[in-house]
Amino acid sequence: MRAVLITTAILALSACAATPPADQVILNATVITMDPDNPRAQALAIRDGVFVAVGTNEQAKKHIGPDTEVLDYTGKLVTPGLTDSHYHLRGVGEREMTLNLAGINGLNEFLAKVQDYAEANPDNEWITGRGWIETHWDPPVFPTRHQLDQVVPDRPVFLTRADGHAAIANTRALEIAGIDEHTEAPTGGRIEAGGMLIDTAQQLVRRHIPNGGRPDAKEALRIGGEVAQRQGWVGVHNIVDSWEDVEWLRQLYHEDKMPITNYVAIRWPSEGAEHLLRIGPQIDIVPGKLTVRAIKINLDGALGSRGAALLEPYADDPDNVGLIYHTEDALRDVLTRARDAGIQVWTHAIGDRANRMILDLYEEVLTDSNVGAAPSRRDHRWRIEHAQHLTAEDIPRFAELGVIASMQPSHAIGDLHFAPARLGLERLQYAYAWRSLLNAGAIIAGGSDAPVEVGDPCIELHAATTRSDLDGHVAPGWHPKQALALRHAIKMFTQNAAHASFLKRSRSMIRLGTRANKYAISTRH
């Protein structure tokens, strides 16, 4: 179910006395327009990139001329162009340029692929890669440094888990980093005996890898853009590490090598984030294509590696409540500076404790005590990225505070294989709670978190509407009532994605007289 994109741009239709034929007519489609005045259509006619018919087959056929391209889209769904609201463009490119461990089905396959790559690249000083995840393995346990030593004994190995919140290192890599049984993990990190480095502990090894083990940034961004377009996205909300990445993106646009739009957030703490806080929002660095007006804060870790910060201990690790990366004082300071600079804030919060903590801080910082203005009256559009595990008490606060829930449906159908063990069945009631948030009035922006997930919009729509994995499996206690209707799922990736990036929602509609901002066609309903 792969999307094919036809690029257009918003433009008013000029009235004219004669009506020339359309360039293209689409018939027999299922068109979800997201236009409240005309929510569904059967056919489209397009002239000079502008929709001149959005309605029935008969209406569209009136625009057919001798040179009109006529397409029969029976069985295909047409929507406004889809935007991924949480995408790591450079990470996707790097996944293609290094040892890609996505889709590995077991430990033996994992080790064989590492060994084959090491043998094929004898000149690589370090063996680095990303994408493995053990949750589908039998048994579903982390690999160990000793297992890596068996296949690559002579060089350091550092392999990042798919979620980016953990990595496995072999003995040689740990020795280079000076890590032994007496090493203390940094704040927000954990070192495990088998060589697993959780969250910030990864930096103990990563800083010894040439260029952090990362390939050329500009090329990775370029490849990431090609992959995103091929997957079916017309734009991404892109998390970058530095201002240098912004400059690379600018160059790629000027070289006509970036086919999608980028709305950018810079990771904090970093020099790039501090630069943005000083200069304020940078709107249309490349007009209509590149804007930088947000910072991204990581507050806790991931559920799979047991780093998400929970109010109660992990069901399968009763001495562990997860990790918090920053102190409240440090967060309060940066949030206040962002508010004063007009900078949007995105905060990664997965566990219920992390979500409550950042909601409390957002409420404190955004409430104007001088005039008593409620945060919901402000157009700050601050976001919580992931918002995966919540309490019943905190769900209404998103709408009350005007905070956007930026969520990735595919996480739910990946995590369903281990979330019940991590949380226990009772806490699953408000996990990946799209319907509860929607019913409470929250705005949910949809994304994929690629390369943590595949990055396919069709998978995201499937996950949002079924809450079952791609094989149809649903975990016990998975609360199917939290699934969304298709129109609500599409809205996450169209109008809500536009709102989350300060664009007009009308740009994400198929409407007569506009170019509808690009549109997407999937191969089945």
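**Figure 1. Helix H7 in the predicted model, shown along its span.** Helix H7 (residues 217-231) has 15 residues, which at 1.5 Å a residue should span 21 Å; its end C-alpha atoms are 21 Å apart, so the expectation and the model agree. The model is a predicted one.

Figure 2. How many of the 15 residues of H7 are buried? The number is 11, and H7 is thus mostly covered.

**Figure 3. The chain as a whole.** The chain contains 18 helices and 24 strands. For 525 residues, a compact globule would have a radius of gyration near 24 Å; the chain has 24 Å, and therefore agrees with that rule. Along the principal axes, the C-alpha atoms fill a box of roughly 80 × 60 × 50 Å. Of the 525 residues, 58% count as buried. Among contacts with a separation of 6 or more, 75% join residues 24 or more positions apart. The accessible surface of the chain comes to about 21300 Å², and 49% of this surface belongs to carbon and sulfur atoms.

**Figure 4. The largest nonpolar core and Ile-295.** In soluble globular proteins, nonpolar side chains tend to be buried together. The largest nonpolar core of this chain has 94 residues, of which Ile-295, Leu-335 and Phe-398 touch the most other members. Helix H11 (residues 352-366) gives the most to this core, with eight residues. A second, separate core has 23 residues, including Leu-111, Tyr-117, Ala-118 and Ala-166. Which residues is Ile-295 in contact with, leaving aside its neighbours within four places in sequence? They include Ala-265, Ile-266, Trp-268, Ala-273, Leu-276 and Leu-277. Further along the chain, the contacts of Ile-295 include Val-334, Ala-338, Ile-343, Gln-344, Val-345 and Trp-346.

**Figure 5. Two cis peptide bonds.** Most residues other than glycine have a negative phi, and most peptide bonds are trans. A cis peptide bond joins Trp-268 and Pro-269, with omega about 5 degrees. Pro-269 is found in the loop between strand E17 (261-268) and helix H9 (271-279). Trp-268 is also one of the residues in contact with Ile-295. The bond from Ala-450 to Pro-451 is cis as well, and its omega is near 10 degrees. Pro-451 lies in the loop between strand E23 (444-446) and H16.

Figure 6. Asn-28 is not a glycine, yet its phi is positive, at about 60 degrees. Asn-28 is placed in the loop between strand E2 (24-27) and strand E3 (30-32). With a relative accessible area of 30%, Asn-28 is partly exposed. His-479 is likewise not a glycine and has a positive phi of about 50 degrees. The loop between H16 and helix H17 (486-492) holds His-479. His-479 counts as partly exposed because its relative accessibility is 29%.

**Figure 7. Asn-496 in helix H18.** Asn-496 is found in helix H18 (residues 495-500). Is Asn-496 buried or exposed? At 7% relative accessibility, Asn-496 counts as buried. Leaving aside neighbours within four places in sequence, Asn-496 is in contact with Ile-443, Ile-444, Ala-445 and Lys-491.

**Figure 8. Gly-194 in a loop between two strands.** Gly-194 is found in the loop between strand E14 (189-191) and strand E15 (196-199). Its relative accessible area is 23%, so Gly-194 is partly exposed. Not counting residues up to four places away in sequence, Gly-194 touches Pro-143, Thr-144, Arg-145 and Ile-168. Gly-194 and Arg-155 are 39 residues apart in sequence, and their C-alpha atoms are 18 Å apart in space.

Note on methods
Residues numbered from 1 in each chain as written. Predicted model: local features only at pLDDT ≥ 70, side-chain atom pairs only at ≥ 80, totals over all residues. Heavy atoms only, no water. Core = buried A, V, L, I, M, F, W, Y, C linked by side-chain atoms within 4.5 Å. Buried < 20%, exposed > 50% of the residue type's maximum accessible area, 1.4 Å probe, protein only. Helix = DSSP H or I, 4+ residues; strand = E, 2+ residues; numbered from the N terminus. Contact = heavy atoms within 4.5 Å. Expected span 1.5 Å × (residues − 1). Rg over C-alpha atoms; globule rule 2.2 N^0.38 Å. Areas by Shrake-Rupley, 256 points an atom, 1.4 Å probe, with all protein chains shown as cover.
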